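This report goes through selected features of one structure, starting with contacts between charged side chains and ending with backbone geometry.

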Amino acid sequence: MTYKEKIKLPSKFENFTENKKMGFLKMKQLKESGKKVAGVFCTYTPLELVYAADMIPVSLCATTEDSIKYSEADLPKNLCPLIRSSYGFAVSDTCPYFYFSDIIIGETTCDGKKKMYELMSDFKNVHIMQLPQNNTDPLSLKLWINEIYKLKRVLEENFDVEITDEKLKKAIKDGNEERKNLRKFFELGKLNPSPLSGVTMSSTQDSFGFNFNRKEKNEMIVKKTQEIYEIWKKEFKNKKDKRPRILITGCPVGGVREKILTTIEKAGADIVAYENCSGVREKLTLIDENIENPIEAIAKKYLNISCSVMSPNKKRFEDLDMLIDEYQIDAVIEIVLQACHTFAIESTKVKKFVTEKKHKPYIYIESDYSMNDIGQISTRIEAFLEMI
Ligand code: BJ8
C-alpha cells in the first residue's frame, strides 16, 4: 500500500459529487428558513459584503461539459468552457444553486464573463461590478472602492438590510481566519512526501465550499488539516518521495480535474501546489484589519488578486517565485482553458520566468471540459515527466 492510499480523508469528504448533493439540501433548508443567497463566479467578489448583509455566498462556476449544450444558442463555440458551462446551467435552470440565488454578483474580469453577465441579466437579478484592469494606479483603487460602496447599496436596497462597519469588520476577521486555515490545509503540500494526492487536495477544498455554516466550515478545515498532519508525522515523516513535485498554475481546474490532474498523478508525479483560483491565489494575502475604513481594506485586498485579467500582473510572478521555493517544486504545469486569452498570452511570460529565472521544466496544456483530447494530453504529460 502506498502512503497515498493509507492517508484517507473521512468518508464524507471522499465523494465530491455526494458533497455537492448534500450542499443542495442544506441550501434548500436555509432558503426555507428565510436566508438570502448571492451567486458568485469569481475570486474578485468581495464576500465580506455578502456575509455582512447576512446572506450566503455560493460559487456558481460550473465544471461539467453536460450543461454546455444549453449555452449554444446564445454563446459562441470558441469561448472558455467555464463560461459556457456556467451559462448553460443558468439558462436551462438546471443548477439548484443558481435557482436559489436571489442575486448574482459578477465582475468585469475577462471579456467572455462580462458579456455573458449581460445576457444573464435578461432572466436573473445580476449586479455587475466594474473591476479595474490595473492594480497599481491609485485611480484604480478609487474606482474599486466606489464599486464596493455601490455593491453595499445594492445589497442593502435589495434585501432591506444595513451593512454596518461592525458587521464588515466581523466578516473581515472571519474571512481572514478562513484564509489562514485554508492556507494551512494547502501547506500540507509542503511536506515531503506530501500526504495528500493533488487531486484529493483539490476536490477536498471544493467540498469545503458546500458547507454554508462558516463556523462549522472553519472548524472542519482545521480538524482535517490536523488529522492528516498527525498521520503524516506518525507514518511517513522520514520517507522521502522520489516522485517529481508539481506546481499547477493558470485557470481554475475543477472542470479538468479528472482529465488532466488525475493523468499527471497516474503518470507518476505528485501535485503539491496550486497557483490558481482553485488553490492559494486568493489566500496568500489577508485583509488588513488595521485599516480604519473596512471598505477600503476590502478593496485593497481584492484588487491585489493576481489574475491574468490584470495588466500588468506583477504579483503572480512574486507568488510563483515564493511557491516554487517553499514547496520545493521540480516542474510547473500551466493549465489554460480553451479560449482564455489573458492566461494564454500571459503564459509566454510564465514560461520564461519558470525556465529562465527558476530553471525548472515547464509545460503548457490548453484544454476544455470534453474528454476528446485525453490521449494526446497523457502522451504529452508522460513525455514531459520522463524528461525531468
Ligand atoms: S480571478 S481566474 S475566477 S476571472 S478561465 S472565465 S478568465 S476565459 S475563471 Fe477566473 Fe476570477 Fe480570474 Fe480567478 Fe475568463 Fe479565463 Fe474563462 Fe476565467
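Predicted model: local features only at pLDDT ≥ 70, side-chain atom pairs only at ≥ 80, totals over all residues.

## A second pair and the network

E282 and K301 also form a salt bridge, with 3.5 Å between the closest N and O atoms. Because E282 is in the loop between strand 6 (270-275) and helix 14 (294-303) while K301 is in helix 14, this pair ties together parts that are 19 residues apart in sequence. E282 has a relative accessibility of 9%, so E282 counts as buried. K301 counts as buried as well, because its relative accessibility is 5%.

Through shared partners, salt bridges join E48, R179, E282, K283 and K301 into one network.

## Other salt bridges

Over the whole structure, the search finds 37 salt bridges. One of them is between the side chains of K35 and D54, at 2.8 Å from N to O. K35 is in the loop between helix 3 (16-32) and strand 1 (37-40), and D54 is in the loop between helix 4 (47-52) and strand 2 (56-59); the pair links distant parts of the chain, 19 residues apart. With a relative accessible area of 25%, K35 is partly exposed.

## The cavity

The structure holds one cavity of 30 Å³ or more, and the volume of the largest cavity is about 30 Å³. Its lining consists of R281, E282, T285, K301, N304, I305 and K315. By class, the lining residues are four charged, two polar and one nonpolar. E282 and K301, both part of this lining, are the partners of the 3.5 Å salt bridge described above.

## A nonpolar surface patch

Y70 is in helix 5 (residues 68-71). The relative accessibility of Y70 is 37%, so this residue counts as partly exposed.

## The loop between helix 10 and helix 11

E187 is in the loop between helix 10 and helix 11 (198-208). With a relative accessible area of 30%, E187 is partly exposed. The C-alpha atoms of E187 and V272 are separated by 8.6 Å, although the two residues are 85 residues apart along the chain.

P193 is also found in the loop between helix 10 and helix 11. The peptide bond from N192 to P193 is cis, and its omega is near 0°.

## Backbone geometry elsewhere

Another cis peptide bond runs from S311 to P312, with omega near -5°. P312 is in the loop between helix 14 and helix 15 (314-326).

Which residues other than glycine have a positive phi? D93 is one of them, with phi near 55°. D93 is placed in the loop between helix 6 (81-92) and helix 7 (96-100), and is partly exposed at a relative accessible area of 46%. Q328 is another, with phi near 45°. Q328 is in the loop between helix 15 and strand 7 (331-337), and its relative accessible area of 40% makes Q328 partly exposed.

Methods. Residues numbered from 1 in each chain as written. Heavy atoms only, no water. Helix = DSSP H or I, 4+ residues; strand = E, 2+ residues; numbered from the N terminus. Buried < 20%, exposed > 50% of the residue type's maximum accessible area, 1.4 Å probe, protein only. Salt bridge = Lys/Arg side-chain N within 4 Å of Asp/Glu carboxyl O. 1 Å grid on protein atoms, 1.4 Å probe; cavity = no way out; pocket = protein on both sides within 12 Å on 5 of 7 lines; lining within 4 Å. Points joined across faces, edges and corners; volume = space filled by probe spheres on them. Nonpolar A, V, L, I, M, F, W, Y, C, P; charged D, E, K, R; others polar.
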